[in-house]
Amino acid sequence: MNENKEKMLKMSLHDFDQTDDGWRKFKDPKQQVEIITSYLETNPAAANDQTFMWHLGQALVFAGDLTNGIARMKETNAKEQHEFNKLYQLFTIAFLEKDMTSFDALYDKYKEQIEKDDKNTNKNTNIQIVKCMKQCANEGNFDYKAAYTTRCLCQ
């Protein structure tokens, strides 16, 4: 990781966060957390980007640090300005906390919009993930790695 690290830390935030040339090139979540944290130390203004900070929260959770991952997600959600993102984040946090009372209440409130997505040719990735989280939770499976997919294996 060291040979490319310096180059990666100089990337634009967009390229570092949204392309396969940035943190996503690492498959190991612990390495993702390490490079994202280094990027934040080198580029402190990146902390103002809620999508980027959400990705850090996700990487922490995938790396097994549920406590810090959820805390980061909650911080991000409190600052999130886009309602769609905010809702997706609330679903994810409730799932990770195994709070199906909150999850189901939110799902019931937006059930029509969520289920309408199945009729779309281009399905929304986040809606499909929310549906998978619900299916997994209904089976008692709160493994984020299993639920964070558009091709849900929980049936």
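I began with helix α5 (residues 66-79) and α6, whose axes come within 10 Å and cross at roughly 155°. My model is a predicted one, where local features need pLDDT of at least 70 and side-chain atom pairs count only at pLDDT 80 or more, while totals for chains, interfaces and linings use all residues. Residues are numbered from 1 along each chain as its sequence is written, and side-chain values use heavy atoms, with hydrogens and water left out.

**Entry 1: terms for helix pairs**

I noted that two packed helices are described by the angle between their axes and the distance between the axes. Axes are lines fitted to C-alpha atoms, for helices over the stretch in contact, and angles run from 0 to 180 degrees between N-to-C directions. Helices (H or I, at least four residues) and strands (E, at least two) are DSSP runs, numbered from the N terminus.

**Entry 2: α5 with α6**

I read α5 and α6 as roughly antiparallel to each other because of their angle. For this word, angles under 35 degrees count as roughly parallel, over 145 as roughly antiparallel, 65 to 115 as roughly perpendicular and the rest as oblique. The crossing of α5 and α6 is left-handed; that is, the near helix is turned anticlockwise from the far one by less than a right angle, and clockwise would be right-handed.

Next I looked up the contact (heavy atoms within 4.5 Å). From α5, L66, I70, M73, K74, T76, N77 and A78 meet K86, Q89, L90, T92, I93 and L96 of α6. By class, this contact of α5 with α6 has seven nonpolar, four polar and two charged residues. Here Ala, Val, Leu, Ile, Met, Phe, Trp, Tyr, Cys and Pro count as nonpolar, Asp, Glu, Lys and Arg as charged, and the others, Gly among them, as polar.

**Entry 3: α4 with α6**

I then turned to helix α4 (residues 50-62) and helix α6 (residues 83-96), whose axes come within 13 Å and cross at roughly 20°. That makes α4 roughly parallel to α6. Their crossing is left-handed. In α4, W54, Q58 and V61 meet Y88, Q89, T92, I93 and L96 in α6. I counted classes here too: five nonpolar, three polar and no charged residues.

**Entry 4: α6 with α9**

How far apart are the axes of α6 and α9? I found them 10 Å apart, at an angle of about 20°. That makes α6 roughly parallel to α9. α6 passes α9 in a left-handed crossing. F84, Y88, F91, T92 and F95 in α6 meet residues of α9, including N126, I127 and M133. This contact of α6 with α9 divides into ten nonpolar, two polar and no charged residues.

I looked up the largest pocket and found about 460 Å³ of space in it. Its lining has 22 residues, of which R24, W54, H55, Q58 and Y148 lie nearest the centre. α4, α6 and α9 (125-138) are the elements that give two or more residues to this lining. With seven residues, α4 gives the most. By class, I noted eight nonpolar, ten polar and four charged residues in the lining of the largest pocket.

The second largest pocket has a volume of about 180 Å³. Among its lining residues are F84, L87, Y110 and Q113. α6, α8 (111-116) and α9 are the elements giving two or more residues to this lining. α6 gives the most, with four residues. The lining of this second largest pocket divides into eight nonpolar, two polar and no charged residues.

How values were computed
On a 1 Å grid over the protein atoms alone, a cavity is a set of points where a 1.4 Å probe fits but cannot get out, and a pocket is an open set with protein on both sides within 12 Å along at least five of seven lines; lining residues have an atom within 4 Å of a point. Grid points are joined across faces, edges and corners, and a volume is the space filled by probe spheres set on the points.
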